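Me: I would like to learn how to read side-chain features in a protein model, taking them slowly. Could we go through them together?
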Amino acid sequence: MLLTARMFKIGNWITYGLMFGMPTGGSQTHVKDVLFPKVVACRIEKWAASGLEFETGMCTLALNVMYQYLFLVMWYLNVALIFLNAISWFYTMFKFLNPNITHKWIVNSSMMQTTADFTRMFGY
């Protein structure tokens with residue numbers, strides 16, 4: 001949830017998966033590199049004979065490479081589920097708005113063998 005909220009601030013969630021592999025021109029940064037930085041500045045504390053010493057260096061975040069691809073897979077799954085949900089919604093609306101298909105579906109899915117049994121039971 002935190003990454004998705006951050007994604008809305010950084011870039012467009014709808015085009016994240018489509019623009020994932022596209023090359024950027026010049027000094028432009030990919031959204032994936034902003035969301036999942038691979039190298040960051042870090043401060044390392046070391047104990048020495050003279051006490052505590054601090055060093056500043058660059059640390060590699062190896063898990064962020066895996067996370068950016070996991071986020072991409074989740075993005076594609078989310079898009080696929082949205083698409084399947086839309087198809088299911090349109091199919092349900094089509095069945096609901098067309099009473100003949102709904103009537104045939106009820107008769108076929110019930111234990112009634114004919115339309116006459118349905119008419120005798122429900123009165124129409």
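Me: In which helix does Leu77 lie?

Reply: In this predicted model, Leu77 lies in helix 3, which spans residues 62-97.

Me: Is Leu77 buried, partly exposed or exposed?

Reply: The cut-offs to keep in mind are under 20% for buried and over 50% for exposed, with partly exposed in between, so Leu77, at 48% relative accessibility, counts as partly exposed. Leu77 also belongs to a nonpolar patch on the surface, together with Leu63, Met66, Tyr67, Leu70, Val73 and Met74, and these residues together have about 680 Å² of accessible area.

Me: How is a pair of aromatic rings described?

Reply: Such a pair is described by the distance of the centres and the angle of the planes. A search of the whole structure finds two aromatic pairs. In one of them, Trp75 and Tyr76 are 4.9 Å apart from centre to centre with 80 degrees between the planes, and this pair is edge-to-face.

Me: Why is the pair of Trp89 and Phe90 called edge-to-face?

Reply: Planes over 60 degrees apart count as edge-to-face, and the planes of Trp89 and Phe90 are at 75 degrees, with the ring centres 5.1 Å apart, so this pair is edge-to-face.

Me: How accessible are Trp75, Tyr76 and Phe90?

Reply: Trp75 counts as buried at 5% relative accessibility, whereas Tyr76, with a relative accessible area of 42%, is partly exposed, and Phe90, at 55%, counts as exposed.

Me: Which residue lies over the face of Phe54?

Reply: That residue is Arg43, which lies at 4.1 Å from the ring centre of Phe54.

Methods: Residues are numbered from 1 along each chain as its sequence is written. This is a predicted model: local features need pLDDT of at least 70, side-chain atom pairs count only at pLDDT 80 or more; totals for chains, interfaces and linings use all residues. Side-chain values use heavy atoms; hydrogens and water are left out. Rings of Phe, Tyr and Trp (its six-membered ring) pair if their centres lie within 6.5 Å; planes under 30 degrees apart count as stacked, over 60 as edge-to-face and the rest as tilted. Buried means under 20% relative accessible area, exposed over 50%, partly exposed in between (1.4 Å probe, protein chains only). A charge sits over a ring if NZ of Lys or CZ of Arg is within 6 Å of the ring centre and within 35 degrees of the ring normal. Patches are made of residues with over 30% relative accessible area and no salt bridge: like charges are joined within 9 Å, nonpolar side chains (Val, Leu, Ile, Met, Phe, Trp, Tyr) within 5 Å. Accessible areas come from the Shrake-Rupley method with a 1.4 Å probe; for residues, only the protein chains shown count as cover. A salt bridge is a side-chain nitrogen of Lys or Arg within 4 Å of a carboxyl oxygen of Asp or Glu. Helices (H or I, at least four residues) and strands (E, at least two) are DSSP runs, numbered from the N terminus.
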